[in-house]
Amino acid sequence: MRRADGELILLWTLPVVGVVWLAAFLLFPGFVRPMSPTMSAEEVAAFYRDPENLPRIRYSMIVFNWFAVGLIPILALIVLQIRRMAHRTPIFSYAIIACAAGGPTIFLMANLFWLTAAFRPERDPQHIQLFNDLAWVTFSSQVGFLVAQSVILALAIYLDRQQRPVFPRWVAHFNLVVAVLMLPAAFVGLAMEGPFAWDGLLSFWVRNAAIGLWIVVMGVVLARAIAWERAEETPGP
Amino acid sequence: MTHHDDKRELWIGWWTLVVFYNLYGLLFFVIARTQPPPSPSLDAAAIAEWFDARRYGLLYGYAIVSIVGGATAIMNAMLACSIRRMSVSRAFAYSYLVIYALATLPGMLIMGVACTVGAMRPDRDPALLHWLYDFAFLSFEGTMGVFLIGSLVWMAAVLLDRNGVFPKWFGYLNLCNALTEVVVAPAWIFKRGVFAWDGAIAWWINMAVFVTYTTVFLTLLRRMIEREDFGTGPLPALATGRARELAGTPGAVR
Amino acid sequence: MSRRGEKRLTVVWLALAAITLAQLAVGSLGDAQPPAPNAALTTSAIVIALVKVRVIIREFMEVRHAPALLCRLTDLWVVVTGVSLLGAYFVGMALAAR
Amino acid sequence: MTTATKGEARRVVPGQPDMWAFVLFEGLVFTSYFAVYVVRRTLSHDLFLQSQAHLDLRVGVFNTLVLLVSSWSVARSVQAAREGAYRRALAHLWTTMLFGLVFLVSKVHEWAGAIAEGFGFTADEFFSFYYFLTGIHFLHLLIGFVFLGVAARELASPARRSQELVETCATYWHTIDFLWVLIFALLYVMR
């Protein structure tokens with residue numbers, strides 16, 4: 001008889017949340033062609049006032065508000081896998097728990113700024129631009145917890161010295177690469193144009209692609225680790 | 001075990017919950033007078049007056065809220081503990097802990113900051129007060145996902161649990177509570193009517209569900225603590241119920 | 001038992017479907033030009049809907065085999081819903097007319 | 001179980017009693033939504049009547065019939081499972097899902113048509129209520145597929161087959177059906 005502990009249910013929320021996030025990302029008109037920091041206050045206000053854009057801004061951000069914390073159960077599953085690693089202390093699993101709330105909280109803050117800007121687009125364009133800036137900078141620059149999460153995970157995997165490690169070693173290398181790819185976004189305040197600007201190649205496309213790739217790759221290796229754990233625990237005949 | 005009947009930790013957690021929710025009601029409804037919420041359709045001048053009229057209520061009220069907000073830490077721990085007593089993976093308790101740890105920030109404290117900043121300088125440009133007013137109420141009511149996903153996690157844990165920590169109907173009640181978080185979403189769009197942040201559907205009905213939900217889980221947690229045996233198997237029934245069961249059907253227990 | 005149970009469900013379904021189709025005919029009576037409030041049509045719509053709801057609860061949901069408490073609770077809900085909807089309609093109409 | 005109860009017709013709650021608590025509570029929540037709708041409607045009757053004229057009664061009737069078929073087949077599935085005819089029960093359950101899917105598609109089609117004509121969520125108060133009531137019902141229906149999935153899982157494997165769970169899931173599905181019957185009357189028929 002299989003364990004009825006619900007881990008597989010939590011695991012299967014990953015593709016659901018992934019699809020919802022992708023749909024909301026594509027629906028938000030400011031992501032498909034990222035808004036430039038060089039837009040004037042009037043242009044920003046016009047973006048929110050455009051009757052084509054406004055419902056899409058609101059609906060996509062409402063969906064993000066609903067599902068921003070959707071991946072926390074997956075991080076909790078990763079924590080449980082780290083606990084199975086050959087470490088002397090639970091320091092890495094606790095550190096991931098501490099990081100888990102960071103990413104979603106920051107994203108929720110950005111989400112509230114976007115939604116509030118869209119609530120009354122008829123306001124003074126200067127004020128709309130202020131909230132739009134707050135949203136973009138919060139969204140882009142606050143990568144600390146995400147970087148820490150990847151680095152901690154990589155360290156945990158490197159130090160997991162046992163016959164058959166919980167995660168294969170390449171997952172650690174992968175996490176370090178992802179951490180490096182997310183770093184440049186912290187500097188969005190310094191550039192209005194070019195790859196470092198919040199709509200630029202590094203800060204927007206590379207960073208968000210790295211996050212997307214991390215979710216897919218970690219989902220797959222997590223599923224394999226859980227399947228292996230369950231096979232191990234099933235008593236033989 | 002020597003401290004078998006020592007449930008002090010659990011009772012501290014439970015009473016913290018009770019005190020918190022009472023203070024929460026008192027602070028938001030009576031002292032700060034931000035609930036029931038005022039209308040989102042007020043104009044900037046009326047909003048400046050609104051801040052002026054309850055200036056000290058807001059300043060004192062949210063000062064106390066910022067202290068009381070810390071109590072959520074032990075509340076969340078209490079609820080995570082109840083999930084850990086279930087026969088489900090620890091991932092549920094961890095998820096609940098993390099989700100609700102962050103919930104206080106957008107769901108309550110940002111409103112306190114916005115209201116305090118507004119009340120500190122009531123002579124500020126009314127257009128800026130208008131922003132603070134919107135941001136306060138929208139962040140408070142429009143932070144939906146943490147409670148939506150949190151309720152669903154709790155629901156799944158209760159429905160999968162075989163230890164009988166909570167009755168299954170409470171699992172389904174979690175679904176009702178989660179659905180109110182979907183119902184409140186139009187508050188981000190409408191400025192008047194039943195779907196606005198002070199509306200009959202987005203506020204009053206949701207509040208009725210939330211109060212029912214909260215009362216129910218406080219009662220059930222109390223019963224859980226009374227039944228707690230610090231074991232890992234099914235949670236026993238209340239003492240009187242167990243005695244009856246033993247007398248009625250010998251050998252049928254477990 | 002099996003045949004009888006199946007047959008009963010089918011009869012119930014046919015009855016529900018027939019009522020729904022009848023509503024198609026009755027409902028088009030409300031297509032006055034210009035459209036106007038119609039208390040008789042509204043009352044009949046709500047009452048018919050509640051009858052259908054009660055049939056679904058009793059037959060499809062098998063409440064007719066359930067303990068009396070559940071029968072009474074579900075009936076109570078039907079009554080509460082009927083009273084609130086019709087009450088809301090007529091009180092609201094009276095308020096609007098003033 | 002004792003044999004003493006065999007003579008009289010046993011009166012049992014279908015499925016978990018817990019699900020009935022949900023049905024009654026969520027039922028009351030919907031009653032309050034409906035009452036708010038009716039009150040708002042009577043306060044601006046002309047607007048509601050004019051906007052309501054843009055809805056097609058035939059689509060509403062079609063939706064109702066589709067959900068009634070799905071409800072009927074899930075009721076038959078419960079009966080078949082009770083008799084141990086699990087393959088038949090499963091077949092009825094697939095029919096339920098199929099008609100549930102037809103309802104979803106037809107609802108999305110109806111929404112798309114209304115939006116294309118310029119009647120979106122914020123068009124006017126009637127359409128706000130229309131999208132709200134049909135939308136929250138749609139969400140309940142999506143959750144219903146999870147319940148049907150659980151029932152199918154029970155029926156599919158000889159190791160499980162809990163009649164109580166199957167009945168619980170069926171109860172949820174019927175609830176969506178009867179809530180729709182009321183929504184249909186309030187949005188499409190009443191004047």
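Which helix of chain A is Ser140(A) found in? Ser140(A) sits in helix H8 of chain A, residues 125–141, where a helix is a DSSP run of H or I of at least four residues, numbered from the N terminus.

Quick housekeeping: this is a predicted model, so to speak of a local feature we need pLDDT of at least 70, side-chain atom pairs count only at pLDDT 80 or more, and totals for chains, interfaces and linings use all residues. Residues are numbered from 1 along each chain as its sequence is written, chains are lettered from A and ligands numbered from 1 in the order written, and side-chain values use heavy atoms, leaving out hydrogens and water.

Back to Ser140(A). Is Ser140(A) buried or exposed? Ser140(A) is buried, because its relative accessible area is 1%, and buried means under 20% with a 1.4 Å probe, protein chains only. Leaving aside neighbours within four places in sequence, Ser140(A) is in contact (heavy atoms within 4.5 Å) with Ala185(A), Val188(A), Trp198(A) and Arg207(A).

Okay, on to the interface. Here 42 residues of chain B are in contact with 40 residues of chain A. The two chains bury about 3,700 Å² between them, 76% of it on carbon and sulfur atoms; that's the accessible area (1.4 Å probe) that two parts lose on being put together, summed over both. Tyr94(B), Trp131(B) and Trp188(B) supply 21% of what chain B buries against chain A, more than any other three residues.

Last bit: salt bridges, meaning a side-chain nitrogen of Lys or Arg within 4 Å of a carboxyl oxygen of Asp or Glu. The rule finds two across this interface. Arg120(A) and Asp134(B) meet in a salt bridge through their side chains, at 2.7 Å, N to O.

Conventions
Helix = DSSP H or I, 4+ residues; strand = E, 2+ residues; numbered from the N terminus. Buried < 20%, exposed > 50% of the residue type's maximum accessible area, 1.4 Å probe, protein only.
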